[in-house]
Amino acid sequence: MSLSADDVAKIAHLARLAVSPDETESMGKELSNILDLVAQMDAVDTDAVQPMAHPLEMAQRLRPDAVSEVNRREAYQATAPAVENGLFLVPKVIE
Amino acid sequence: MHTKTIAELSRSLQSGELSSTELTQHMLQRIKAHDDKLNSFVTVTEEAALEQAKAADARIAAGNAGPLTGIPIAYKDIFCTEGVRTTCGSRMLENWISPYDATVVANLRAAGAVMLGKTNMDEFAMGSSNETSYYGPVRNPWNTDKVPGGSSGGSAAAVAARLCCGATGTDTGGSIRQPAALTGITGLKPTYGRCSRWGMIAFASSLDQAGPMTRSAEDAAIMLGAMSGFDERDSTSAERPVDDYVAALGTDVKGVRVGVVKEFMGEGLDAGVGRSVQAAIDELQKLGAEIVEISLPNAGLSVPAYYVVAPAECSSNLARFDGVRYGHRCDDPKDLEDLYKRSRSEGFGAEVKRRIMIGTYALSAGYYDAYYLKSQKVRHLIADDFRRAFEQCDVIVGPTAPDTAFGLGEKADDPVSMYLSDIYTIAVNLAGLPGMSIPAPQSAGLPVGLQMIGNYFDEARLLNVAHQLQLATDWHQQAPADFA
């Protein structure tokens, strides 16, 4: 499996990562090597095997639809890069 | 006093022979004197530690103490700690101060443990050598030119060098057991769901599990008892009672069926490590255990399956780090997409980016069935191998890692070679089983780990077998000369 420069750029965009042109070639090689490792699974027939949903076959637990946590907005926003009036500030996206 | 185990120190504290304040001051002094050679701590919480020690002394005086009360421990920097920086080994969280404690931290705090600080780790727990931390590599106390293993390498090095009495670690593909093996300590990854994952920064949610890193199985039993338990805030937490792990340590191993994995003892295993592991198995036989050969025919597929499942889950979990709500934000972003891309690219290191990219690819349209679904099917095959094996034996043993500690930088340019460091540990995470690593005889002056794997929630038996072996041998008592 060999990823092209275009593939690397497309994956980087989906992952919201910036990969510079200098890094693209080496990143492509490293990812291709990992995919070669992963390809070892192709040797085993899994057509009749169920995918493993949970190691303990546990079902998702349910709880009453009721508020159980106190409001800690100020504490959680204290570490944000920028907030104003209880809102997270982000750069303008519409001029 | 740093040469004593948690169990020994606890007796000294309770008898009044020693105070937690004295013990904590001693450990803080050792960190100051030795950690510049190891880089095992990211943050040392001296003031808080002394306050907690004072409170522990009062609790002991009031006759309200447990076995961990007043014992100084360290937390891997992946555990959220209220009011204390939690970096996860990343620039992304360089200045992030958690507004809450992880449940594991809260449980240990309630038991009276004293927090010395936060230990260095591979960035977001991604690594097998502890070289991917933004805060620099950790060094192995047995040979500071070697790695301590990863990703809980800071915790492992700190425990091995006697800078703390015990530490927490997390294990997604071997990150407690492999560094425990490479530094000569005892590390236990419990059954998936045994310890709450709430407040533990998520890497791969279906694999991550917290566990203790200590100098003996007895100490691991003490710590695990305090760390474990159902937590309603973690939807994957197991709703079952916690065994009394310390009380379970008194049974001999006569008649215990010990399965040796034939696929783990051949090709790919360093000869010296193989001899050490065999010596530990022989000792178990001398103690009365019945040795049986078992097979895990699909274990060879565990590394390929892991490198789809773990990156897929990490790409999803790490999407939250976008520069908006917390963490690193780039300067002067020109729009929202620029904010996301530059914040993430500046905040994450190379290994984290590599795994996010692989995970994003594996989950992208057209590739999901070929990669993610296939891996989850292979995962079932691996778990079924273990189910069959546990029909023939009670405990499975083999090497923890294929080699002793390798040199700093030796595998840094070859991710696939690095990934194979966890070749014997990953299958346990994929199946969700408990596993531990305890010291076997050393090879060429470096520690070797004996891996022991138990059936689901059978940590008590695992700890007892390890304890019986440690009662009969002194492999776990060896200390690195420069830190003795």
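Guide: What follows is a set of questions about terms, each answered with a value and a cut-off.

Visitor: What should I know about the model before we start?

Guide: This is a predicted model, in which local features need pLDDT of at least 70, side-chain atom pairs count only at pLDDT 80 or more, and totals for chains, interfaces and linings use all residues. Residues are numbered from 1 along each chain as its sequence is written, chains are lettered from A and ligands numbered from 1 in the order in which they are written, and side-chain values use heavy atoms, with hydrogens and water left out.

Visitor: Why is B:Ala221 called buried?

Guide: Buried means under 20% relative accessible area, exposed means over 50%, and partly exposed is in between (1.4 Å probe, protein chains only). B:Ala221 has a relative accessible area of 2%, so B:Ala221 is buried. This residue is found in helix α7 (residues 217-227) of chain B; helices (H or I, at least four residues) and strands (E, at least two) are DSSP runs, numbered from the N terminus.

Visitor: Which residues is B:Ala221 in contact with, leaving aside its neighbours within four places in sequence?

Guide: Contact means heavy atoms within 4.5 Å. By that rule B:Ala221 is in contact with B:Tyr245, B:Val246, B:Leu249 and B:Leu463, once neighbours within four places in sequence are left aside.

Visitor: Is B:Ala444 buried or exposed, and how do you know?

Guide: The relative accessible area of B:Ala444 is 80%, so B:Ala444 is exposed. B:Ala444 is placed in the loop between β10 (435-443) and β11 (446-454) of chain B. Its phi is near 50°, a positive value in a residue other than glycine. Most residues other than glycine have a negative phi.

Visitor: What is the phi of A:Glu57?

Guide: Phi of A:Glu57 is near 55°, a positive value in a residue other than glycine. A:Glu57 lies in the loop between α2 and α3 of chain A.

Visitor: What makes the buried residues of α1(A) line one face of the helix?

Guide: In α1 (residues 5-14) of chain A, the residues A:Val8, A:Ile11 and A:Ala12 are buried. Seen down the axis of α1(A), the buried residues fall within an arc of 100°, so they line one face. The arc is that of the directions from the helix axis to the C-beta atoms. On the other side of α1(A), A:Asp6 and A:Lys10 are exposed. The cover over the buried residues of α1(A) includes α2 (21-38) of chain A together with α11 (350-363) of chain B.

Visitor: How many residues of chain A and chain B are in contact, and what area is buried between them?

Guide: Chain A has 51 residues in contact with 69 residues of chain B. The area buried between the two chains is about 5,100 Å², and carbon and sulfur atoms give 70% of this. Buried area is the accessible area (1.4 Å probe) that two parts lose on being put together, summed over both. In chain A, A:Met41, A:Met52 and A:Arg61 lose the most area to chain B, together 15% of what that side buries.

Visitor: Why is the pair A:Glu57 and B:Arg387 called a salt bridge?

Guide: A salt bridge is a side-chain nitrogen of Lys or Arg within 4 Å of a carboxyl oxygen of Asp or Glu. The side chains of A:Glu57 and B:Arg387 meet at 4.0 Å, N to O, and count as a salt bridge. Across the interface of chain A and chain B the rule finds two salt bridges.

Visitor: What salt bridges does B:Arg461 form?

Guide: One is with B:Asp394, at 3.7 Å, N to O. That pair links distant parts of the chain, with B:Asp394 in the loop between α12 (368-392) and β9 (395-399) of chain B, and B:Arg461 in helix α15 (residues 459-472), 67 residues apart. B:Asp458 also forms a salt bridge with B:Arg461, the closest N and O atoms being 2.8 Å apart.

Visitor: How do you know which of these residues are buried?

Guide: B:Asp394 has 14% relative accessibility, so B:Asp394 counts as buried. B:Asp458, with a relative accessible area of 18%, is therefore buried too. B:Arg461 is at 33%, so B:Arg461 counts as partly exposed.
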